[in-house]
Amino acid sequence: MRKVCVAGVGMTKFGKSEKSSIEMFAEAAMEAIIGSNIKPSDIQCLYLGNVFGDFEEGQALMAPYAAREIGLSVGTPSLRFEGACASASMAIRDAFVAVAGGFYDVVLAGGTERELAMGTPLATRTFNMATEQYYEGMTGLTFPGVFAILSRLYSKKYGIPLSKLKERMAMVAVKNHKNGAKNPLAQFRKEITVEEVLSGPMIAEPLQLLDCCPFTDGAAAIIITTEEKAKKMVEKPVYILGVGQGSGAPLYRQKDFTLIESRVAAAKTAYAMAGIEPKDIDVAEVHDCFTIAEIVATECLGFFDFGTASEAVEKGETQIGGRIPINPSGGLKSKGHPIGATGAAQAYEIVKQLRGEFVERGTQVEGAKIGLTDTLGGDSGVICNILFGIKG
Amino acid sequence: MYKLTYKQYFEALKEGKLLGLKCNDCSSYTAPPKLCCDKCGSTNTEVVTLSGKGVIKTFTVIRVAPEGYDAPYIVAIAELEEGPWLMGNIVNVDPDKAKMDNIIGKKVTVGAKVLPKMNYTPDEGVTPAFTIAE
């Protein structure tokens, strides 16, 4: 297996966009291409995450149009990756596999999504489509609903009163907004308070509006290549040290899904490939689609013992400067969550953290050498973990 | 190959019978049905009628609904007597009065709620309707 690196990265401003999904992706991709000091014709394959283009813009078959939009050659294969919210992480993982295995030397991976074009009722319906449809989706389950029922399971299992848990969940939102306020590409650049979270409108009890990430338009892209080529392209290549992906069953079959088995399995694979342990991670971008989602993710990833992560949030251990900084970008919660692009935006953040580029932004995790991305698709049907490092 | 398809499962549920699969190799129950035993993967299973009784493990009240659904309503998961967990709607509790202490741990019986064909569904839907015992 060859050593694999990230060269350039690119990302659009997240939020409401007047650009098409393809235009957004083209901008992010060109930033990554220029940042890699290569030409579009050097790219041998495009792996594009996109989930609901069909509903958002009536646009299926986005990958080849995106490929030609940015000037990839007619002989360049282009593939759409659909893994719900983990689509772009799947694209990056497969790009890693293709480069590590020796089939390609240079792959463009990323994703794009234009959710705000749908409006809330249709967007909520399309997201519901990522639950299992025959035995789960027809209950009218929504994604806030998934994590709402998880919150109550968690409260019961660990004996943490729901009011206490909700306060700690609110602290996740407060932390991520604090980080996102400093990120010029974030959708919501404002700090919030615990009181504001706890007084917001109810979305799916016990989750309130500010427990939930927003619908978002945006795109992100990265160039994945061999160690040898990356060293010629950029001053600071970032290595992909390990990858892992799991396939989870529908929620009702998982039973107690406070411990998400597909995530534990995916993380184990990635850690083993990299030869590192959770304690070696300096910074992580974790799938905080809902406040409780970040809490359970950090347990499954091995940063905290099961049942203890909400207390760790309260103690500030996940703040920048804390034991394990989580979501310095603002996370999905504040930065936004264009689901086809999210995994690539997480990679964008970690790559730049490891290159030390966020000092001016005020959210640099000092001395970060190893970073992790964690992306969840559906109600844990897909979990994808990727480990990045400044040394191979 | 399939001993119990979703259509057969739905038709029985509409008649008040909750069907599942019993594994002849490991004795565990699988419901809703799938191709193989959910525990051991064996296809040596048989269709059985389950008791239709369970206990609520968790729930939410949906306040912002997908297109085609009218909020508020309760989505819950019940653990059946035979072991499997089932997702459905609690139909005899006012969503505004649903709290952890009057829902979680309560015994339920499983009935059926029929949904008409909607956009993006192949035909009518049938979802478990949980009635909390008095």
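Predicted model: local features only at pLDDT ≥ 70, side-chain atom pairs only at ≥ 80, totals over all residues.
I counted 30 residues from chain A and 29 residues from chain B in the contact.

**Entry: the side of chain A that touches chain B**

I looked up which elements of chain A give two or more residues to this side, and I noted α5 (120-128), α6 (143-158), β5 (202-204) and α10 (251-254). The largest share belongs to α6(A), which supplies 7 residues. Sorting this side of chain A by class, I found 16 nonpolar, 7 polar and 7 charged residues.

**Entry: the sheet of chain A**

I then traced the open sheet of chain A, which has 9 strands in the order β3-β2-β4-β7-β1-β8-β11-β10-β9 and mixed pairing. Why is one side of β3 and of β9 left without a neighbour in the sheet? Both β3 (78-81) and β9 (283-285) of chain A stand at the edges and have a single partner strand each, so one side of each has no neighbour in the sheet.

For helix α1 (residues 21-35) of chain A I checked the length: its 15 residues should span 21 Å at 1.5 Å a residue, and the end C-alpha atoms are 21 Å apart, which agrees. Its buried residues include A:Ile22, A:Met24, A:Phe25 and A:Ile33, and I noted that A:Glu27 is also among them. I then asked what covers these buried residues, and the covering elements include β1, β2, α2 (53-56), α3 (62-69), β4 and β7 of chain A. After α1(A) comes A:Asn37, for which I noted a positive phi, near 55 degrees.

Helix α7 (residues 162-180) of chain A has 19 residues and reaches 27 Å from first to last C-alpha, close to the 27 Å expected. I recorded α7(A) as mostly covered, with 14 of its 19 residues buried.

**Entry: the domains and strands of chain B**

Chain B is divided into domain 1 (1-50) and domain 2 (51-134), and I found their centres, taken over C-alpha atoms, separated by 20 Å. Between them, 11 residues of domain 1 are in contact with 12 residues of domain 2. On the domain 1 side, α1 (6-14) and β2 (29-30) of chain B are the elements that give two or more residues, and α1(B) gives the most, with 3 residues. By class, I noted 6 nonpolar, 4 polar and 1 charged residues on that side of domain 1.

Last, I looked at strand β7 (residues 107-115) of chain B, which runs antiparallel to β4 (residues 53-62) of chain B with 3 bridges, B:Val55 standing opposite B:Lys107. The antiparallel pairing of β7(B) with β8 (residues 125-132) of chain B has 8 bridges, and there I found B:Leu115 opposite B:Gly125.

How values were computed
Residues numbered from 1 in each chain as written. Chains lettered and ligands numbered in written order. Pairing = 2+ DSSP bridges. Helix = DSSP H or I, 4+ residues; strand = E, 2+ residues; numbered from the N terminus. Expected span 1.5 Å × (residues − 1). Buried ≥ 20, exposed ≤ 12 C-beta atoms within 10 Å, placed from the backbone. Contact = placed C-beta atoms within 7 Å. Nonpolar A, V, L, I, M, F, W, Y, C, P; charged D, E, K, R; others polar. Domains from an automatic or database assignment.
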